[in-house]
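Welcome! Take a moment with the sequence and the 3D view before reading on.

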Amino acid sequence: MIKMILAVDLGNALGWSDGTLAYRDLKLDMARFKALTTNSTVVMGRSTYLSLGRPNGLPSRRNIVLTRRPYSEIRGQITGDVEIISSLEWVLRHDSAARQTVARTDREPSDTWIIGGASVYDEALANGIVDEIHLTVVHATCEADVRLATDLASWKLFILREAKAGRIWGANVAAHELDGDFFTTYIVLQKAP
Ligand SMILES: NC(=O)c1ccc[n+]([C@@H]2O[C@H](COP(=O)([O-])OP(=O)(O)OC[C@H]3O[C@@H](n4cnc5c(N)ncnc54)[C@H](OP(=O)(O)O)[C@@H]3O)[C@@H](O)[C@H]2O)c1
């Protein structure tokens, strides 16, 4: 399954162009992110990878970094034990191969998580390749200069629009939480099979 995990504030803010997040210390959200993505594949844009400050990417996960640049240009930047891909096509091919393996062997399905940033989220949403979205809405308006173009903060309207477009998402409000200084709502949105 192709899954996406992200947190937006009421203005769809994601973070700062230096890679810092719009809101800090969402401890419950970070713990959930870790629990959900560990032992899976994570896919991220080059800026998000650089902002991790971990050349080998996130531990106990297969780390995939998206870039359109030739290897000669990124050699000094992407230095660790991560894999590099040049388009989201790879994600579709990888997911299709994983589904075939599951069908053949009865193995547990392995998930591919899209973990940011804005450009990758927006492209994946526009292309309709995501089966499940794990969205945390932070009930605040934070300072930020990177925002999602897709309006996910108005998630009820987003679902209505998706349904109207025939993509038909189901939604489940999994938790309302006080997380650090912020009130948050964690929602799981699913594409109908
Ligand atoms: N709130 C959250 O949940 C969350 C999660 C993650 C990140 N963030 C925030 O998101 C922001 C970063 O987002 P961003 O949009 O600036 O950067 P980004 O999406 O992390 O990375 C952008 C780069 O990824 C590569 N790329 C993107 N789409 C691609 C594609 N389809 N094919 C090949 N390469 C592709 C390009 O690299 P090249 O230039 O090398 O070609 C592009 O310049 C930061 O503020 C960060 O804090 C927030």
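## The nonpolar core

The largest nonpolar core has 42 residues, and those that touch the most other members are Val8, Val43, Met44, Ile114 and Tyr121. A nonpolar core here is a set of buried Ala, Val, Leu, Ile, Met, Phe, Trp, Tyr and Cys residues joined through C-beta atoms within 7 Å. A residue is buried if 20 or more other C-beta atoms lie within 10 Å of its own, exposed if 12 or fewer, and partly exposed in between, with C-beta atoms placed from the backbone.

Two or more residues of this core come from each of S1, S2, S3, strand S4 (62-66), strand S6 (112-114), H5, strand S7 (132-138) and strand S10 (182-191). The most come from S1, which gives six residues. Beyond its neighbours within four places in sequence, Ile114 is in contact with Ile2, Met4, Val43, Val120, Tyr121, Ala124 and Val130; contact means that C-beta atoms, placed from the backbone, lie within 7 Å.

## About the model

This is a predicted model, in which local features need pLDDT of at least 70, side-chain atom pairs count only at pLDDT 80 or more, and totals for chains, interfaces and linings use all residues. Residues are numbered from 1 along each chain as its sequence is written.

## The overall fold

The protein chain holds six helices and 10 strands; these are DSSP runs numbered from the N terminus, with helices (H or I) of at least four residues and strands (E) of at least two. Its C-alpha trace spans about 40 × 40 × 30 Å along the principal axes. Of the 193 residues in the protein chain, 32% are buried. Among contacts between residues at least 6 apart in sequence, 66% join residues at least 24 apart.

## Around the ligand

Which residues are closest to the ligand? They are Gly15, Gly45, Thr48, Gly116 and Gly117, among 30 residues that surround the ligand, each with its C-beta atom, placed from the backbone, within 6 Å of it.

Strand S1 (2-9), strand S2 (13-15), strand S3 (41-45), helix H2 (46-52) and helix H5 (118-127) each bring at least two residues to this shell. The shell comprises 12 nonpolar, 14 polar and four charged residues. Ala, Val, Leu, Ile, Met, Phe, Trp, Tyr, Cys and Pro count as nonpolar, Asp, Glu, Lys and Arg as charged, and the others, Gly among them, as polar.

## A look at Glu177

Glu177 sits in strand S9 (residues 169-179). Glu177 counts as partly exposed because it has 16 C-beta neighbours inside 10 Å. Leaving aside neighbours within four places in sequence, Glu177 is in contact with Leu28, Thr184 and Tyr186.

Methods
Two residues are in contact if their C-beta atoms, placed from the backbone, lie within 7 Å.
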